[in-house]
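Me: I have a structure here that I have not looked at before. Can you walk me through it?
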Amino acid sequence: MAEIETMPELEQALAEVAAEMAERTDRGEVATYIPQLGKVDPKKFGIAAVTNDGRVILAGDADQPFSIQSVSKVFTLTLALGKVGDALWQRVGREPSGNPFNSIVQLEHENGIPRNPFINAGAIVVSDVLLAGHQPREAIGEILRFIQFLADDETIVIDRDVAASERATGYRNFALANYMKSFGNLHHAPELALGVYFHHCAIAMSCRQLAMAGRFLANGGRNPATGHSVVSAERARRIGALMLTCGHYDGSGDFAFRVGIPGKSGVGGGILGIVPGVASLAVWSPGLNENGNSKLGSIALEKLARMMNWSIFAP
Ligand SMILES: NC(=O)CC[C@H](N)C(=O)O
């Protein structure tokens, strides 16, 4: 893997990738099933890299906040593991689903235990875990404050319009939650777990803020700026493994094949990418590919990884 000393080229690489993406006309489709997300300009593109030695490199619309959607599932998983540790795995699996993010079919065969914490059903169980001993408002506040702390940025907020828009149209997520409740795999009322879920999906962040928040995963569980431990090195590796195998739903294999680093996508068009030992990356382009992952975001990370010789499989 490229050494940090060789990184003056990183600035150049980011600028090149952003310029190339600005030219492209095949930008995918912006998600409209959450009406509020459909209002976003498909021409937006931002990319940010925060290196373990503290450099922040930005290109394009890297300072414009967007709806992080399922990227938030990395942070809720981290919090839930902190709360209940390995007991979480009795309620959520760790296998790629090979199905779309909002699929219901596997849940019946697998007795209401979602395949992994990154598909919607799994993230709703994680929200239910975070709700224990709290009112939904407190659980939502805890998630937001954790992300603000990781990013070292108190300006990060929840977009209430996106949360309301998703609640108003979230019939499938209600179906998933009710179905899991019938198997006893939700401990709270479905609408409470979903209240937490919809709000953490509606957190708005820029690429800069997202890459900052991911730093601990690129640095063995520690914030590289302060040296403070967020999670153990082992837990950081395991979260990375889940991102690699499950972070892009039924497109996870293709992302691993093409990009070669752990990543987590969201239907807002954001992706968080982790280059272990080197950098935390965030990219945003609202148009999605057929698997619901950012089309140009994936292509941009593929190009960047190739230019920088970044892959967890590189010698
Ligand atoms: N893939 C995603 O980002 C999906 C998250 C979205 N909030 C949903 O539940 O449908």
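Reply: Domain bounds here come from an automatic or database domain assignment. This is a predicted model, in which local features need pLDDT of at least 70, side-chain atom pairs count only at pLDDT 80 or more, and totals for chains, interfaces and linings use all residues. Residues are numbered from 1 along each chain as its sequence is written, and side-chain values use heavy atoms, with hydrogens and water left out.
Me: ok, which domains is the protein chain divided into?
Reply: Domain 1 (4-69 + 205-308) and domain 2 (72-201). Their centres, taken over C-alpha atoms, are 21 Å apart. Domain 1 puts 31 residues into the contact and domain 2 puts in 37 residues, where contact means heavy atoms within 4.5 Å.
Me: Now the ligand. Which residues are around it?
Reply: Among them are Y33, F101, N120, E166, Y249 and V267; a residue is near if one of its heavy atoms lies within 4 Å. The shell draws at least three residues from each of domain 1 and domain 2.
Me: What polar side-chain atom lies 3.0 Å from a nitrogen atom of the ligand?
Reply: One of Y249. The N120 side chain has an N or O atom 3.0 Å from a ligand oxygen, and a backbone N or O atom of V267 is 2.8 Å from an oxygen atom of the ligand. A polar contact is a pair of N or O atoms within 3.5 Å.
Me: And how much of the ligand does the protein bury?
Reply: The protein buries 99% of the 300 Å² that the ligand exposes taken alone, by the Shrake-Rupley method with a 1.4 Å probe.

Technical notes: A polar contact is a pair of N or O atoms within 3.5 Å; within protein, one must be able to donate a hydrogen and the other to accept it, and residues adjacent in sequence count only if both atoms are side-chain atoms.
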